[in-house]
Amino acid sequence: MADRPALTYEEFVALAMLYGLDMDEEHLRELFPEVEAMHDRIAALEAVDAGEVPPGSGLSPWDASEPQ
Amino acid sequence: MASDELTLLPVPRLSALIERREVSPVEVTEAYLRRIDETEPRLNAFITRMDDQALASARQAEAEVIRGGYRGPFHGVPVGLKDLFRTKGVRTTSGSAIDREFVPDEDSAVAERFAAAGAVVVGKLHMTEMAFDGTSLNRHYGPARNPWDPERMAGGSSSGSGVAVAARQAALTVGTDTGGSVRVPAALCGVTGLKPTFGLISRYGATPLSWSMDHVGPLSRSVLDSALALNALAGHDSRDPASLRVAPRDYTNGLERGAEGAAGTRVGVVESFGWDLTEPGVRAAFEAAMTQLRTLGADAKPAATPDLALVNAAGSVVQTAEAAALHRERVLSRGREMDQAIRRRIESGLFIPAEAYLHAQRVRAMLRRELLSTLEEVDILASPTTAIAAPRLDQQRVTIQGREVHIREGLLRITRVFSAVGLPAISVPCGFTEDVLPVGLQLVGKPLSEPLLLRVAHAYQVSTEWHTRFPDV
């Protein structure tokens, strides 16, 4: 799987504007590390092969096959 | 019976007195309201008190009992609700300043079910804003303080729910748990907290944080009280898409075995996830609890689990993406009115690509299957509920065995795993640290294994005295 490139601060600011966030400089400076941390988690998960799980399943903790 | 004695009674004893008309629901409610008067200035467990409504409910319950219309164990018993459960005609803030004046025009499913059981709701309980924090801090309503040490956190997000039970401000409370928000305050306040199987209790009318991880559960003085609450609250509700169709059952069945209820149970000790990040006092209490379970005839031994850090990562991505989807408008249009840390936490979810969310869901499903495989080898899993005891209110980081982490990590890292996979989990008091701060023992079972989970937790509880201790507040 291709590695997810790290998000630069400039890219983050561009996305923040696109998403309609408050563009206050201090707010963005404090938000950026949170977004970086989230991207680190996403990157860690991308290293996991979840191919055995059919697409479309796993949207809740329940598997349809389990007795309810 | 003296007022103070009434607030010491567990639910079954209190309800027996009410059923036999030896005590009136009005008398009981007045005793609890006095207790709230005495303790609330030091604890801040309530966002909204409901004294008038509570007394009206109590008078109605009294009249019904006198007429021979006793409804069951919660009839006339004072309870509290986390302030995200909608209550008709009573404001529901979700811990947010934005919703300070929000008055719902209908009840949540939990409020409905308690009303049907004849319970007396004494108030809406403190919580962290939008239930997105494991501390008990709230910049709008002040911090909820731990009854064992008011300079320390009570845990969150169902902060007031833990405080009110520990401080005898309510006989039982209800909270929600997305990453540990029932079990963490239960552990830090020294009470019992149950997160049932995902979908067992309806979430209808509860402010959502993450639709695939939100659970509803009781906080109580004992496992028996939790079982009674589950009897009252569990059941299918077509208004909650995740609500399970499970036949009604009596969750107190099996508890009559008392301390013998743990015999023969295979207990898997979760060892792969962080003794290096667990406070020594917490670890010592947990290990003593394992010794006690062995004494009761349980077979407690280390269990191999999948990579629980990955479960946590998947849960974090899913929870944050769903929170952003649910609360996007709030953070974009009124973000400056929010706690800024919680605002940022939600906003970070806007940066999660759809494919990353869906991949996290698949990883989560895969790891859940692996955990269920582990639960074929053992009947239940055991761990400390939190890695640390209650932090100081001003504390942001904690050093554990030479490693510094944010307190959120110390509070939530163990519970969050079992919210992400929807398994039933219970936290019971299992000791104290040297600073006289409570420690919680977490037991986790297979889906819908609440009867076993409650039986083993009850066996542990009746053979120990931790749950019978009250803070001097």
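Colleague: At what angle does helix α6 of chain B run to β6(B)?

Modeller: In this predicted model, local features need pLDDT of at least 70 and side-chain atom pairs count only at pLDDT 80 or more, while totals for chains, interfaces and linings use all residues. Residues are numbered from 1 along each chain as its sequence is written, and chains are lettered from A in the order in which they are written. Helix α6 (residues 159-166) of chain B lies across β1, β2, β3, β6 and β8 of chain B. Its angle to β6(B), taken between N-to-C directions of lines fitted to C-alpha atoms on a scale from 0 to 180 degrees, with helices fitted over the stretch in contact, is about 155°.

Colleague: Which strands stand at the edges of the sheet in chain B?

Modeller: Eleven strands (DSSP runs of E, at least two residues) form an open, mixed sheet in the order β1-β3-β2-β6-β8-β7-β14-β15-β11-β9-β10. Strands pair if DSSP finds at least two bridges between them. Each edge strand has a single partner, so one side of it is left without a neighbour in the sheet; these are β1 (46-49) and β10 (299-303).

Colleague: Which residue is the bridge partner of Gly175(B) in β8(B)?

Modeller: Strands β6 (172-177) and β8 (215-220) of chain B run antiparallel and are joined by six bridges. In β8(B), the partner of Gly175(B) is Gly217(B).

Colleague: Which element gives the largest share of the side of chain B that touches chain A?

Modeller: The contact (C-beta atoms, placed from the backbone, within 7 Å) takes 34 residues from chain B and 28 residues from chain A. Elements giving two or more residues to the side of chain B are α10 (308-334), α11 (340-348) and α12 (354-377), helices being DSSP runs of H or I with at least four residues. The largest share, ten residues, comes from α12(B).

Note on methods: Contact = placed C-beta atoms within 7 Å.
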